[in-house]
Amino acid sequence: MLSIKQGKQLNTVLIGLLAWGVALVIFFPIFWMILTSFKTEIDAFATPPQLFFTPTLENYTLVNERSDYLRFAWNSVVVSFGSTAIGMLLAIPAAYSMVFYETKRTKSILLWMLSTKMLPSVGVLVPIYLLFKNLSLLDTRTGLIIIYTLINLPIMIWMVYTYFKEIPKDVLEAARMDGATLFQEIWQVLLPMSKGGLASTVLLSLILSWNEAFWSLNLTASQAAPLTALIASYSSPEGLFWAKLSAVSTLACAPILIFGWISQKQLVRGLSFGAVK
Amino acid sequence: MNTTTLKVSDIKSGKKGESGVMGIAKQNAKISRYLVSPSVLLLLAWMLIPLSMTIYFSLIRFNLLYPGENEFVGLENFEFFVTDESFAAGMSNTLLLVGSVLLITVVLGVLISVVVNQAFWGRGIVRVMLISPFFIMPTVNALVWKNLLLHPVSGVFAAMWTFFGAEPVDWFTEYPLFSIIMIVSWQWLPFAILLLMTALQSLDQEQQEAARLDGAGPVDIFFHLTLPHLARPISVVVMIETIFLLSIFAEIFTTTSGGPGYETTNLAYLIYSQALLQFDVGLASAGGLIAVILANIAAFFLVRLVGKSLTEKN
């Protein structure tokens, strides 16, 4: 017979094994992608799949030659950082106004903003495409920045709203009594107090824009195409290219994956719109 | 400029300092109320301009291959769109996709987060591994699954099947919609885990202990304490996932292109193919409007459900 203590220990071990098992299964595709990126094309296509092989870096050099990876990556960087910056410039004043100068309509405005997120992109694909064509915004980074700012704005406002909501109003009032201007009040008092929340809003916006793949596939061709479009261009098979595909995918995902790992705890609170503490 | 107006008002009111500061505060309050306006106006434009264009296009004949023939056709586009066999397929695929992925991610998400919420060795690493797929871009997700895992010849699944003596399966040909559901679930499961795991950390431990002392088994505790505690985060998961799942596009675009036949064509892909592959803007706009109406029905219930739970605590 096991004593209670031994039983508990056994339980912990079993739960640990179960959790590790599930985690390894879920992480496996990413692990496999990274592994394959270091194989030669012949190893990558071998049956059964090879777990042990002589690693090579040739895919990473080849990918750069074949598709000018850096240009796509630069487009991704410009578009996601650009839209995030503009989004924050709009979201911070909006949330400030709604939290500290609440009116009767504030709650309905918030819910309405969230509901614009429900407008499916396909529903407006045609008009946006034609508008962009007329305004020469097709296949430009500016065009993508505009779209990403608009589709992420409701979520950003919501997140910043929930963070500002936690700041005691007296602190701002005290600053106001000391004669702080509106700008000083926001810039020197409010923003430093909600640094963590703002950082997670920025991160989420970056992740969403970096990975967005409806508008980027439909509105860009060669000039402004970000990494999502580069990867999609690998969807038509042309002989043995699994290893190169893996290398370019690893390159495309690595920055955001690392970002996400660092910021996972921050992200949860933002993503749950304050419903989870 | 502010200081001079301040002085004038000081002299007028005869008091020093206080009323001047109040003047600024009042002025600030006035401006502050309008700080939300730029966002509201932009979102309003973002909603109204394209939407009214879609409505207009849906009522005329508008094919990019036949320019100039833009006469008013009433509801003909809607009729064509709805009666075409692709519509029924697109509708049922959309609902199947959204429904299955929601079910899979919520059920597995609850189970996994309950397991991971226990103490064990290496929890931090397990956590990181579990949430990683959420950060992978949809096009990478689709191509890695299609070429490295599900490929009928060189894929890992094929190797496993062969190992156990079974015939390897050509997933995207034989079970196309199932394959899409699988890869989309893989992408969204981490989101559910992430949220539910965090929610579990605020579960009252003492209450659980008390229930255990009263003789409640783990199953009782799960259904009577854990699950009710997760109701709110689950509703958030359902809302956010629905928003994104209704317009799943890249995963289909990069793997099956909606095929074979219409087996993996959802509403989003159907409208895309009508507009940008067949150039029938009128028809695509009618489809777009139907997608908007569908999404609004979903939004009506979801925003009510979640909006209530979000605003009531304030």
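## Domains of chain A

Chain A is assigned two domains: domain 1 (4-58) and domain 2 (69-271). The bounds come from an automatic or database domain assignment. The model is predicted: local features need pLDDT of at least 70 and side-chain atom pairs count only at pLDDT 80 or more, while totals for chains, interfaces and linings use all residues. Residues are numbered from 1 along each chain as its sequence is written, and chains are lettered from A and ligands numbered from 1 in the order in which they are written.

The centres of domain 1 and domain 2 of chain A, taken over C-alpha atoms, are 33 Å apart. Nine residues of domain 1 of chain A are in contact with eight residues of domain 2 of chain A. Contact means that the C-beta atoms of two residues, placed from the backbone, lie within 7 Å. On the domain 1 side, H1 and helix H2 (41-45) of chain A are the elements that give two or more residues. Helices (H or I, at least four residues) and strands (E, at least two) are DSSP runs, numbered from the N terminus. That side divides into four nonpolar, three polar and two charged residues. Here Ala, Val, Leu, Ile, Met, Phe, Trp, Tyr, Cys and Pro count as nonpolar, Asp, Glu, Lys and Arg as charged, and the others, Gly among them, as polar.

## Annotated spans

UniProt, in an unreviewed entry, gives "transmembrane region" for residues 12-35, 72-97, 109-132, 144-164, 185-210 and 241-262 of chain A. Such positions are given in the numbering used here, feature names are shortened, and annotations may be inferred rather than shown by experiment.

Residues 72-97 of chain A are 100% helix and 0% strand, with end C-alpha atoms 38 Å apart. Residues 109-132 of chain A are 83% helix and 0% strand, and their end C-alpha atoms lie 28 Å apart.

## Where the chains meet

Chain A gives 87 residues to the contact and chain B gives 94 residues. H1(A) supplies the largest share of the chain A side, 15 residues. The chain A side holds 62 nonpolar, 20 polar and five charged residues.

## Chain B and its helix H5

Chain B has 15 helices and zero strands. Of its 314 residues, 40% count as buried. A residue is buried if 20 or more other C-beta atoms lie within 10 Å of its own, exposed if 12 or fewer, and partly exposed in between, with C-beta atoms placed from the backbone.

Helix H5 (residues 85-116) of chain B has 32 residues and should span 46 Å at 1.5 Å a residue; its end C-alpha atoms are 45 Å apart, which agrees. The expected span is 1.5 Å times one less than the number of residues. Buried residues of H5(B) include Gly90(B), Asn93(B), Val101(B) and Val116(B). Their cover includes helix H1 (4-36) of chain A, along with helix H10 (176-200) and helix H12 (218-245) of chain B.

## Inside the core

The largest nonpolar core has 158 residues; Ala95(A) and Ile271(B) are among those that touch the most other members. Such a core is a set of buried Ala, Val, Leu, Ile, Met, Phe, Trp, Tyr and Cys residues joined through C-beta atoms within 7 Å. Helix H7 (residues 141-165) of chain A gives the largest share, 17 residues.

Which residues does Ser83(A) touch, not counting residues up to four places away in sequence? They are Ile145(A), Tyr148(A), Thr149(A), Asn152(A) and Ser209(A). Ser83(A) counts as buried because it has 27 C-beta neighbours inside 10 Å.
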